[in-house]
Amino acid sequence: MSQRTFSIIKPDAVKKGYAAAILAEIEKAGFKLVAIKKIGLTKTQAEGFYHVHAARPFFGELTEFMSSGTIFPMVIEKDNAIADLRTLMGATDPAKADEGTIRKKFASSIGENAIHGSDAEDTAAFEIGYFFAGLELK
Ligand code: CMP
């Protein structure tokens, strides 16, 4: 059944000029692009997005990084989108990511790992709503 998920091309990938290549990987894997925007987050906005990680030791580093430059948040759609995007992204730590995955190809470290993807239906709903209004999701 068709499902929507949320993804971000992160500041490291944008700075290195990988945004279009990552988008191409996503489309090649059969995802339909529902909505995308180009923005920069404040530190407070990054903290709101990653609030579930607030108690983690890397929270400061993570939110500093995610507010350090341009990002491309997007909503994408296909059958089994949440799980399939996570497979396409590869492991959080690019050193552990399988060959052919986005993080293996484009990421440099666990902190600067090129792409974010929602991990479950409830987080996808929160994350889509954090960046996009209903009228942008038709
Ligand atoms: P993401 O999928 O965006 O969700 C949470 C992010 O926290 C994760 O990708 C990583 O970029 C980051 N992260 C996870 N573990 C660590 C870590 N040990 N050190 C720094 N950042 C981390």
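A residue counts as buried when its relative accessible area is under 20%, as exposed when it is over 50%, and as partly exposed in between, using a 1.4 Å probe and protein chains only. Helices (H or I, at least four residues) and strands (E, at least two) are DSSP runs numbered from the N terminus. The model is predicted, so local features need pLDDT of at least 70 and side-chain atom pairs count only at pLDDT 80 or more, while totals for chains, interfaces and linings use all residues. Residues are numbered from 1 along each chain as its sequence is written, and side-chain values use heavy atoms, leaving out hydrogens and water.

**The strands**

Let us begin with strand β1, which spans residues 2–9. Six of its eight residues are buried, so β1 is mostly covered. Two strands are said to pair if DSSP finds at least two bridges between them. One partner of β1 is strand β4 (residues 70–79): the two run antiparallel and are joined by eight bridges. β1 also pairs with strand β5 (residues 115–117), again in the antiparallel sense, over three bridges.

How enclosed is β4? Seven of the 10 residues of β4 are buried, so this strand is largely enclosed by the rest of the structure. Strand β2 (residues 32–36) runs antiparallel to β4, and four bridges join them. Strand β3 (residues 39–40) pairs with β4 as well, in the antiparallel sense and over two bridges.

To follow these pairings in the 3D view, you can look for the residues that stand opposite each other:

| Residue | Bridge partner | Strand of the partner |
|---|---|---|
| Glutamine 3 | Lysine 78 | β4 |
| Isoleucine 9 | Isoleucine 115 | β5 |
| Alanine 35 | Valine 75 | β4 |
| Isoleucine 39 | Isoleucine 71 | β4 |

What does the side chain of glutamine 3 reach? It reaches the backbone nitrogen of alanine 81, at 3.0 Å. That is a polar contact, meaning a pair of N or O atoms within 3.5 Å; within protein, one must be able to donate a hydrogen and the other to accept it, and residues adjacent in sequence count only if both atoms are side-chain atoms.

**The ligand**

Now turn to the ligand. Which residues surround it? The residues around the ligand are Lys10, Tyr50, His53, Phe58, Glu61, Leu62, Thr92, Arg103, Ile110, Gly111, Asn113 and His116. Here a residue is near a molecule if one of its heavy atoms lies within 4 Å of it.

In the side chain of lysine 10, an N or O atom is 2.8 Å from an oxygen atom of the ligand. For the side chain of histidine 116, the separation from a ligand oxygen is 2.9 Å, and for that of arginine 103 it is 3.5 Å. Taken alone, the ligand exposes 450 Å², and the protein buries 80% of that. These areas come from the Shrake-Rupley method with a 1.4 Å probe.

**Loops and a helix**

Most residues other than glycine have a negative phi. Asparagine 80 has a positive phi of about 55° although it is not a glycine. This residue is found in the loop between β4 and α5 (81–89), and it is partly exposed, with a relative accessible area of 42%. Alanine 114, also not a glycine, has a positive phi of about 70°. Its place is the loop between α6 (102–106) and β5, where alanine 114 is buried, with a relative accessible area of 0%.

Is lysine 38 buried or exposed? Lysine 38 is exposed, with a relative accessible area of 61%, and lies in the loop between β2 and β3. Its C-alpha atom is separated by 7.0 Å from that of proline 73, although the two are 35 residues apart along the chain.

Lysine 43 is found in helix α3 (residues 43–49) and is partly exposed, with a relative accessible area of 29%. Between the C-alpha atoms of lysine 43 and methionine 89, which are 46 residues apart along the chain, the separation is 25 Å.
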